[in-house]
Amino acid sequence: MPELTYREAVRDALSRAMREDDDVFVMGEDIAEMGGSMGVTQGMLDEFGPERVRNTPISEMALAGAAIGAAIQGMRPVAEIMYEDFLTLATEQIVNQAAKHRYMSGGQVTVPVTFRTQGGAGWSPGAQHAQQLEAWFVHIPGLKVVFASTPSDVRGLLWSAIYDDNPVVFFEHRTLYGLKEEVPDELEPIPLGKARVHREGEDVTVIATGRLVHEALEAAQQAEEQGVSVEVVDPRTLQPLDEDALIASVKKTNRCVVAHEAVTRMGFGAEVASVVQYGAFDWLDAPIERVGAKFTPLPFAPVMEEWCVPHAGDVLEAIQRTVGRNADGN
Amino acid sequence: MAKVEQRGTLSPEELRDFFREMLLIRRFEEKVEERFRAGELPGFLHVAIGQEAVAVGVIRALEDGDVIASTHRAHGHTLAKGTGPNELMAELYGKLEGCSHGYGGSMHLYDVERGNLGANAVVGGGLPQITGAALAFKMRGEPRVAVAFFGDGATNIGTFHEALNLAQLWRVPALFVLEDNKWAESTPERQHSPISDLSKRADAFGMTAIKVDGQDVEAVYKATKKALEHARSGKGPVFLHVDTYRLVGHYIGDPQVYRTKEEQKEVREHHDPLTQLRGKLELSEDDFDELDAEIVEIVEAAVEFAKNGTDPKPEDALKNVYA
Amino acid sequence: MATEIKLPRLGQGMEAGTIVKWLKSEGDAVEKGEPLYELDTDKVTQEVEADASGVLLRIAIQEGEVEVGKTIAVIGEQGEDVPAESGEADSANGSESGVSDEPSEEGSRAPARDDERERGRNASAQADVPELSQLDTAAGRVKASPLARRIARERGLDLSQVAGTGPEGRVVAEDVERAAASGGPAPAAEQALSLPTEGVEVEQLSSMRKTIARRLTEAWQAPVFQLGVTVDMGRAQALRARLVELHGDGTKPTINDLLTKVCAAALMRHRAVNALYKGDAIELHPTANVGIAVAIPNGLVVPVIASCERRSVAEIAAARAAVVERARSGKLEQADLEGGTFTISNLGMFGIERFVAVLNPPQAAILAVGSIEDKVVAVDGQPAVRPRMELTLTCDHRAIDGATGAAFLADVKAFLEEPGLAL
């Protein structure tokens, strides 16, 4: 089995789809010669040429809209939005257009477009290059939203996103691009809407996305040493959400921590907490804990930035709170 | 759809057919105003009275396979692109038989089978997608053109500039039709644009621009044919600046406090494309009345069809969210 | 064909307008779009245009306030018959013949479609009912709301023994309360019984009744046993009569006061009965603080007379009279109710011969006192009529064993029958 980085896994999914299917092409800012700001599309220009590895002007509205227009004509474009902060510039096209054409037309229009984007803190770009904005898009009926956390997941999920007949906003995490994992020779598509249980446990379920999946796994290891058995579940697809898997896990462990890098308040985790409390109400032995960034724009100074975003330690504390609360009987 | 071999030549029969189409749009819009005032039509409606020659002139010049994206003022474009008055009226009544099956309404009229990719309620919203549709045609080597309609107000929004820039950069077969009716809702052109000749907007992108009198359907038709030839031949998109007039308010019920009664009267008297074409065709009173009676009957039948249409079930609202 | 001109709806919420004046007279030619009359609404005064051409055949309403949709004029051809009296306003088409351009805001709600809106609203309310069938049952786990769990923990109830009546059989707070009150699980089907409710007076529980309910419910949880004796009250009655003679200006002693004194003496000899059961400990008290159950309107209180072993019967009578008076006049202080180690409940004055009292926790015992009745009994092998009184002692078995209770009760009987023994 080859070992791929998360970055190579994204590229592998794109390249395989483009080899098999002329309707698939990629477009975005600086993706051709430069190979993308994160190096994801490096080498693809040579293989596929400038028509299908299409550099765009710095023009998010138009590139998103053009991808939507081409998709409606039956193409399967993958548009790269360099930083998810810049999704703001394309939001009208994604939210008002891509998400709603099918509905407004009474089912006549299909929009098989994928918007790839990335973000994440830990490198001090300041407040406009590292936000986690997935919560904005899971709130929009008509969009699907994916957030992959490992090389094998990102490859299989991206493939499914490309071949999904709905617009998909596909989040990658900047700090994961170098992460390596052995993956099968054959690309196995991972269906959208299926969660992954990374680690089984008995006492607490941590539902985590993106970078926090890895932080949660580390916290779980530490908790294990303290005698607390932690299950780590990554929904992978945030919309549609694999509610059954999340609820089943919490029914088993009776305690739940939700963790993401995005700001906690009004975040994706709030919805997960709601889903879990409703679906596993009679199984909960402790209030659901949430882990996320503090309610502030991302600061520049490294000491402040690291303080704002959550790490394994924050997840571990949340795990302990859920267990401690129950032990006290309070 | 009228097929014309040579651009620039329209037989009297064809022109009479254009007149018939324009009259249908006019009578349809008048009926929509009436039914809205009677409290039967929900929502936010914008009629295209005064702009009939643009819809008919441009769309009759298209070939099968060409696609359009329209605006919030979409009834005329939709009828001209071949959607039946029944299906259009049924949509305005929110019925399943409507062209968007009751999910869209006046501002979201679609008829994909006939190449209507949808009206758009966000000013300028459809422009980037027309660039994208044209890109798809180009990448596949299909001899099709994608046409965007938009008003003078839209030339100030980012999507306009980004979409035209990208279209010209990539030389895609697109036609950008500026329906310059001089008003961005209630704001006159002098208040919303720093330049008086909006066709100069195209210069910024090095895009070919054609300017035409939008109240003269034959002129619009000819200009569109020329523009389409350019786009279809791979030379890139064309900016078609159509000078037209909105004879009515921005929306049904608009008191038009922003323009005088005299001005409203003046445009109605001097810039009505139907009056102009009727004169050109030298239609007799009897001929006109006969045609008008036929059209009125079609429109009345459309109202009947719509009223007798099927109401969606409340829970149908959950359909069509995802493919 | 004549066209009826109806008062148009010129904006959302407009119900009527006032015709100020007509700009045309009957018989005048009218062009569609020409100003026809002036209308005053709550927003503006404006000219309303005709939307039919012809001759103004009739002005139905010259001026004044008119409802939207009402016919105000008729336009038609010269000489055409005018409908005698136009019909009532048709709200759906009310404004169709009036053309005006003065709505207050963009767009419209389409009043004619209000019934559809209503239908959608109603359907929406139905759709909001959660689909409980999608929830599976909590196998092997008691389904209970967090509130129910907390109450159960506080009351020491086993949730698995409580039938839930909430969604999906969930135990909710009410179920725990009911189980606690009835001393057992709530019958889940109880609510299915529908009894006539006419004439039933419903009184919300006062805080006192709630306290009674809570305390007695707690009491019901205790494993209790009862012991009964019948006492010959001949000497006690004689003693009481003598004490009444001697009481002077003080309160007249009652049999109950004498009983209080006797019980205090017995409690001092059987300290295990003068006890409080405190869960993980039993407190044996050095003084006999005897509570007297007193009926008051809508309730029951148990004021306490402290250190009865040190008081004379006369002193007990005085103290009893004072607290009873305070109880009946609602002036009891917290101190009057605290510190009890034993309770006497006497229903003899109602002719009750015997009853079983419910424990007054944390006290370990309570004595139920019946009426004194003349009974034929065997005295020295011969039938004789004697004044007899039944006593029933309820004991908390967690604090008191049968023999302990029996020894105590035997002494009470002995002291009443031979008061000198209490000295």
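In which order do the four strands of the open sheet in chain C stand? The tour returns to this question at its second stop. The model is predicted: local features need pLDDT of at least 70, side-chain atom pairs count only at pLDDT 80 or more, and totals for chains, interfaces and linings use all residues. Residues are numbered from 1 along each chain as its sequence is written, while chains are lettered from A and ligands numbered from 1 in the order in which they are written.

**First stop: chain A**

Select chain A, which holds 12 helices and 14 strands; helices (H or I, at least four residues) and strands (E, at least two) are DSSP runs numbered from the N terminus. Its radius of gyration is 20 Å, close to the 20 Å that the globule rule gives for 330 residues, so chain A is as compact as a globular protein of that length. The radius is taken over C-alpha atoms, and the rule is 2.2 Å times the number of residues to the power 0.38. The C-alpha trace of chain A spans about 65 × 45 × 40 Å along its principal axes.

**Second stop: the sheet in chain C**

Now select the strands β1, β8, β6 and β3 of chain C. They form an open sheet in the order β1-β8-β6-β3, with antiparallel pairing; two strands pair if DSSP finds at least two bridges between them. At the edges stand β1 (3-6) and β3 (29-30) of chain C, each with a single partner strand, so one side of each is left without a neighbour in the sheet. Next, show residues 54-59 (β6) and 71-76 (β8) of chain C, which are joined by four bridges. Here C:I59 stands opposite C:A73 in β8(C).

Select helix α2 (residues 146-155) and helix α3 (residues 173-182) of chain C, which pack at an angle of about 25° with their axes 8 Å apart. The two helices are therefore roughly parallel to each other, a term for angles under 35 degrees. Axes are lines fitted to C-alpha atoms, for helices over the stretch in contact, and angles run from 0 to 180 degrees between N-to-C directions. Among the residues of α2(C) that meet α3(C) are C:L147 and C:I151, and the α3(C) side includes C:V176 and C:A180.

**Last stop: chains A and B**

Show chains A and B together. Their contact takes 33 residues from chain A and 33 residues from chain B; two residues are in contact if their C-beta atoms, placed from the backbone, lie within 7 Å. On the side of chain A that touches chain B, the largest share, nine residues, comes from α3(A).

How values were computed
Parallel < 35°, antiparallel > 145°, perpendicular 65-115°, else oblique.
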